[in-house]
Amino acid sequence: MTNSVRKVAAAAVTAVLGAALAGCGGGAGAPDTGREARMGTPAASASASASGSASASASGSPAASPQAGAPAKPPTMAPGPNGLTPVFERAEQQTDKTVALTFDADMTSDQGPRAADGEHFDNPALISALRTLKVPSTIFMTGRWAEEYPDQAKSIGTDPNFEIANHSYSHHAFKSPCYGLPALDAAAARADVDRAFAAFRQAGAVNTVPYFRFPGGCYDDQALRALSTAKVTAVQWDVVSGDAFAKDPGAVAEQVLAGVKPGSVVVMHCTRSAAPVTEEAIQRIVPELRKRGYRFVKVSELIGK
């Protein structure tokens, strides 16, 4: 396990991280108290991340390949040992002060009735703020979110400021236990990823990239093996924003500012009901990081370094 992963694993024992990842699961069930599930970086999979550090062009299956109009062949990582899906957590470079802000657009497959009753799983103000601030960003979107908000998915997915990555279709777990999320077997997990990419295409999003984020951040070698034929790079993070269920945007901003280092990947949320202060926190984070000399990039730029 790398030093950066050890540091973030230590921070993971805080209640803030537990709330963040539980929030990613829609608050279903009790959080998994295991360190590996919290971080989604089990020791058995660390070697897959390390050996997959070299970049390669995305050959991708049809489901994972970007459509016409998207950047040609977004960079992916080479497979890990025994062909396991590679895992990217942070760009291991110390001189170029770049940082990737990522936003999980969460919606589980069974939350349609809640949306019909008026619960907002989208966050147009956040997307507008990122555009106004000119912050390139990667949105990890569930297929169910794209189906619920097709106009927004298309708007995000045709804006060169953004790239859409896969956060599964149903937001069910790819490893169990994982914050009370229903678990998928290997065949269902692979199909779930394809179904999400299909939802993006159906919405008209073209700036899609062959990257995948596990719901709750939970994975193991079995999950990496199940996705190996999808030709995606799994993307984790090294900075947890703590924005899920947060009420104080200043605290979220301070947590991000304290954790960012060159090459960092920050995990945040694009879900009003579960992360209501994210847009306000961004208004504080972006100018301060720019003042410190940081440049905002999409995940694809970090992986391509």
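# A guided tour of rings and charges

Begin by selecting Phe197 and Phe200, which both lie in helix H9 (residues 186-203), three residues apart, about one turn of the helix. Helices (H or I, at least four residues) and strands (E, at least two) are DSSP runs, numbered from the N terminus. The model is predicted: local features need pLDDT of at least 70, side-chain atom pairs count only at pLDDT 80 or more, and totals for chains, interfaces and linings use all residues. Residues are numbered from 1 along each chain as its sequence is written, and side-chain values use heavy atoms, with hydrogens and water left out.

Phe197 has a relative accessibility of 2% and counts as buried; Phe200, at 1%, counts as buried. Buried means under 20% relative accessible area, exposed over 50%, and partly exposed in between (1.4 Å probe, protein chains only).

**Aromatic rings**

The structure holds six aromatic pairs. Rings of Phe, Tyr and Trp (its six-membered ring) pair if their centres lie within 6.5 Å; planes under 30 degrees apart count as stacked, over 60 as edge-to-face and the rest as tilted. Select Trp145 and Tyr149 next: the ring centres are 5.0 Å apart and the planes stand at 55 degrees, so this pair is tilted. Trp145 is buried at a relative accessible area of 0%, and Tyr149 is buried at 12%. Then select Phe174, Phe212, Phe214 and Tyr219, which form one aromatic cluster.

**Charges over rings**

A charge sits over a ring if NZ of Lys or CZ of Arg is within 6 Å of the ring centre and within 35 degrees of the ring normal. Select Tyr169 to find Arg195 over its face, 3.8 Å from the ring centre. At Phe140, the charged end of Arg213 sits over the ring, 4.0 Å from its centre.

**Salt bridges**

A salt bridge is a side-chain nitrogen of Lys or Arg within 4 Å of a carboxyl oxygen of Asp or Glu; the count comes to 13 salt bridges. Select Lys261 and Asp238, whose side chains meet in one of 3.5 Å, N to O. Lys261 lies in the loop between helix H11 (249-259) and strand S10 (264-269), and Asp238 in the loop between strand S8 (233-235) and strand S9 (239-240), so the pair ties together parts that are 23 residues apart in sequence.

Finish at Glu301 and Arg295, which form a salt bridge of 2.8 Å, N to O. Salt bridges that share partners join Asp96, Arg295 and Glu301 into one network.
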